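Here is a quick tour for anyone meeting this structure for the first time. Take a look, then read on.

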Amino acid sequence: MLRSPLQRKLAFPNEDAKKRTDSRILRLKSFRGDEWYSISLEDKTCDCEEFQAKAGRCEHLDALGMHRLRPFTPTTHPTFSQALSGLVKSIRIRRVDDAVYWLLYLDSFKEAQYRFRTARRLLIGSAEDGHSIPVMENVADGFWKMTKPQCELIKLDAEVLRISKLPNWWHPDSGGPDYIYQSLVGQRAWLYKRWDHKLTTLQREIQNAIEEKNRAMAIGGVMAFADLEETFGTTKQAEFLLKQAENMGHSLAARLCRVHLSAKSALSGDNNFLCQAAWMMAGGVSPIAESIESVTTEECHELLEKAKERWQKPQTIPRWCCDGIHSAGDDPRFTGMLPEMWAVCRAFQHYNRVNPADKWLPQFQSYEGLVIES
């Protein structure tokens, strides 16, 4: 018997509420078998064994870009990690004044370890937040000098500006949206891939992906080095990819690998240069790969003076600077993880800008590459 809308509502008073509740549950296929897991989008929980064992973390939530954030109270003088996050996020969305503001604050931490961490983040950021190989080479050339506390801050200031003068991966002019998208779907494809986790298999798969111009599988293969049964560190990864680049005469990819090797001890846990090399060998193109803008001493002094003036009346660190993953915080929109990075690309497509003041919409999140129950 057919019921009118009113009769249906009377017969099933909680049906609408049930639908709303069910819509917050996502069923995701396991990366390692045929099981299915229920993920609460509202509570950020997963019913897999890893979630229980790791107290709220699992590979399924990571793949979705869902994170349990750490409590956060913004202050004018945040921790070093929060301020470093502020520097990174400001470079990422090309707010150079904010970046230098936090750079100046980071310089107030005088122990040598802090300067090293700041310089290292600039080196990583030249690749993580840019596609210009000359910029990366320039930062790498001065990297070890910048790690020393006696190095003048204006040198680091100059590299912040140099990176920020060119469009980042979220801007179509950089070619970066393709790089981020291929990285995202490639990472997810390798999570589902059934393979023996042996080095020779992975190297062969990366070589095949490069030959077939399969950008996603080439980048995903580089990220899959972390899943090998044996240890194969990023130095060996760089040497392997450098050999591929030299064999095929790909000078840009070879340069990326050499930049990594020039600071291999500092980049032992980072693969940004290597993923870009794989992307380029598999056919990825960035129109700004060989671009670099000049930076003047006057510009650098002006930025530092502005930052010093702002510190006369220090501002509370904005929430968008602290993602809750790399430091205490509660705004993960601009963290350097692929689901969030692709969401930033989509935000730019929607608003034609990247601005923390813009509302983050549900459609910015992408489930492409994941096996989800319809």
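Let's start with the second largest cavity, whose lining splits into 3 nonpolar, 4 polar and 2 charged residues. Its volume is about 30 Å³, and the residues around it are Arg 94, Ser 126, Asp 129, Gly 130, His 131, Ser 132, Val 135, Ile 163 and Leu 166. Keep in mind that this is a predicted model.

In total, 2 cavities of 30 Å³ or more turn up. The largest holds about 50 Å³ of space, and its lining is made of Leu 87, Val 88, Ile 91, Arg 121, Leu 122, Gly 125 and Asp 129. Helix 5 (80-92) and helix 7 (112-128) are the elements that each give two or more residues to that lining. By type, the lining has 4 nonpolar, 1 polar and 2 charged residues.

Elsewhere, 3 strands make an open, antiparallel sheet in the order 1-2-3. Strand 1 (25-29) and strand 3 (45-46) sit at the edges, each pairing on one side only.

Strand 2 (residues 36-40) joins strand 3 through 2 antiparallel bridges. Across that pairing, Ile 39 stands opposite Cys 46 of strand 3.

Cys 48 is in none, with the nearest cysteine sulfur, that of Cys 46, lying 3.6 Å away. Cys 48 is also buried, at a relative accessible area of 1%.

Cys 322 is buried too, at 0% relative accessible area. Its closest cysteine sulfur, in Cys 321, is 6.0 Å from its own, so the two are too far apart for a bond.

Terms used
Residues are numbered from 1 along each chain as its sequence is written. This is a predicted model: local features need pLDDT of at least 70, side-chain atom pairs count only at pLDDT 80 or more; totals for chains, interfaces and linings use all residues. Side-chain values use heavy atoms; hydrogens and water are left out. Two strands pair if DSSP finds at least two bridges between them. Helices (H or I, at least four residues) and strands (E, at least two) are DSSP runs, numbered from the N terminus. A disulfide is a pair of cysteine sulfur atoms within 2.5 Å. Buried means under 20% relative accessible area, exposed over 50%, partly exposed in between (1.4 Å probe, protein chains only). On a 1 Å grid over the protein atoms alone, a cavity is a set of points where a 1.4 Å probe fits but cannot get out, and a pocket is an open set with protein on both sides within 12 Å along at least five of seven lines; lining residues have an atom within 4 Å of a point. Grid points are joined across faces, edges and corners, and a volume is the space filled by probe spheres set on the points. Ala, Val, Leu, Ile, Met, Phe, Trp, Tyr, Cys and Pro count as nonpolar, Asp, Glu, Lys and Arg as charged, and the others, Gly among them, as polar.
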